[in-house]
Amino acid sequence: MTVWKLLSTRVVCLAGATSVTGSIQDYPRCQTAQKGIVCDVDRENSWKADAITCLEKYGVCHVKNLINEKIAMGALPLTGSNKILTQKGFKQSTTGRWHKTKFSREDMSRLEAVESAFIELVPMFFGKEDMTNIDRSQLQLLISQPQSENQFFHQDNSRHGLTILVPLVTVEEHLGPTHLLAGSHHITNRTGEGNTTFILLEETLSNIEFVMNNINDKKPLVKIGDVLFYDARTLHRGLANQSHEDARPVLIFRYDLRKSPPPGHGIVSTLFFRWIGNFL
């Protein structure tokens, strides 16, 4: 597997000037920008530490120019009619959203080349947890077809997990970016004391005021070569693709601890967190 030289990288912490547990002064190398806090990374490997800090505080981090564009664009076939997608093994979850989770050896080789750009961050995110205790719980190609509908707000996991989104096209606003409620990962902040509906509801009610005072509504516009990281507990949804012609293909890599597999929600808590996302 070929590992390419990382391009010049910038880390964007998707939050406002005030963080959940501190202020912008916590980031000596960062400066205020119109769409968040932009961290200019001056060493090839320093982006990982900045990204971890962003994820801990805000639950969201946008790393620019992390992946070679040719590698990203050549990862997998991108578009097709609904009939063609069905023939290629895609399944439709909600209107216009098509998912492929089974890949050939050749496709897996391409996907692993993409993954190699950020895989070292994964154990760091889990507190230097040994990779034998971490599962890649999901690897999928998601295509949002033209005129696809909004998703509902949800968590990928009620417990500590990491979702990584790799755009295969430049995502402009009309294509339906991922809508994230930065800071909402603090709403279920236990690390493994169970995830029954009662525990999740009790936990949410205990933390809701804190989250309401620190939440930031973000819809990052990512381009080919960028990577969007977010804590699996961060409330989010895919927005509608308003285009009449262009699809929005993205790769999604998910990592979870074996002791707390996803999704960690039942029907009642899923509906409750859907309502919480709309309320926030």
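This note goes through the predicted model point by point, from overall confidence to single residues.

1. Basis. The structure is a predicted model, in which local features need pLDDT of at least 70, side-chain atom pairs count only at pLDDT 80 or more, and totals for chains, interfaces and linings use all residues. Residues are numbered from 1 along each chain as its sequence is written, and side-chain values use heavy atoms, with hydrogens and water left out.

2. Confidence. The pLDDT is the predictor's confidence in each residue, from 0 to 100. The protein chain averages 76, and 71% of the residues score at least 70. Below 50 lie residues 1-9, a stretch with 28 contacts in the model beyond near neighbours in sequence. Residues 15-43 are also below 50, and that stretch has 67 such contacts. A contact here means heavy atoms within 4.5 Å. Where pLDDT is low, the predicted coordinates should not be read in detail.

3. Overall make-up. The protein chain has 7 helices and 13 strands. Both are DSSP runs numbered from the N terminus: helices are H or I with at least four residues, strands are E with at least two. Of the 280 residues, 54% are buried. Buried means under 20% relative accessible area, exposed over 50%, and partly exposed in between, with a 1.4 Å probe and protein chains only. Among contacts with a separation of 6 or more, 85% are between residues 24 or more positions apart.

4. Helix α4 and Glu 115. The buried residues of α4 are Asp 107, Met 108, Leu 111, Ala 113, Val 114 and Glu 115, and they pack against α2 (69-73), β7, β8 and β13. Helix α4 spans residues 105-115. Glu 115 counts as buried because its relative accessibility is 10%. Its side chain makes a polar contact of 2.5 Å with that of Tyr 255. A polar contact is a pair of N or O atoms within 3.5 Å; within protein, one must be able to donate a hydrogen and the other to accept it, and residues adjacent in sequence count only if both atoms are side-chain atoms. Leaving aside neighbours within four places in sequence, Glu 115 touches Arg 136 and Phe 253 as well as Tyr 255.

5. Ile 134. This residue is in strand β7, which covers residues 134-144. Ile 134 has a relative accessible area of 5%, so it is buried. Its contacts beyond four places in sequence include Val 122, Phe 126, Tyr 255 and Arg 258. Ile 134 and Arg 258 are 124 residues apart along the chain, yet their C-alpha atoms are separated by 5.7 Å.

6. Gly 176. Gly 176 sits in the loop between β8 and β9 (178-182). With a relative accessible area of 0%, it is buried. Among its contacts beyond four places in sequence are Val 171, Leu 239 and Arg 248.

7. The cavity. On a 1 Å grid over the protein atoms alone, a cavity is a set of points where a 1.4 Å probe fits but cannot get out; a pocket is an open set with protein on both sides within 12 Å along at least five of seven lines; lining residues have an atom within 4 Å of a point. Grid points are joined across faces, edges and corners, and a volume is the space filled by probe spheres set on the points. There is 1 cavity of 30 Å³ or more. The largest cavity has a volume of about 40 Å³, and its lining includes Leu 165, Val 171, Arg 248 and Val 250.

8. The pocket. The largest pocket holds about 620 Å³. Of its 31 lining residues, His 99, Gln 151, His 154, Asp 156 and His 236 lie nearest its centre. By class, the lining has 8 nonpolar, 17 polar and 6 charged residues. Ala, Val, Leu, Ile, Met, Phe, Trp, Tyr, Cys and Pro count as nonpolar, Asp, Glu, Lys and Arg as charged, and the others, Gly among them, as polar.

9. Backbone points to check. The peptide bond from Pro 262 to Pro 263 is cis, with omega near 5°, and Pro 263 is in the loop between β13 and α7. Asn 65 is not a glycine but has a positive phi, near 55°.
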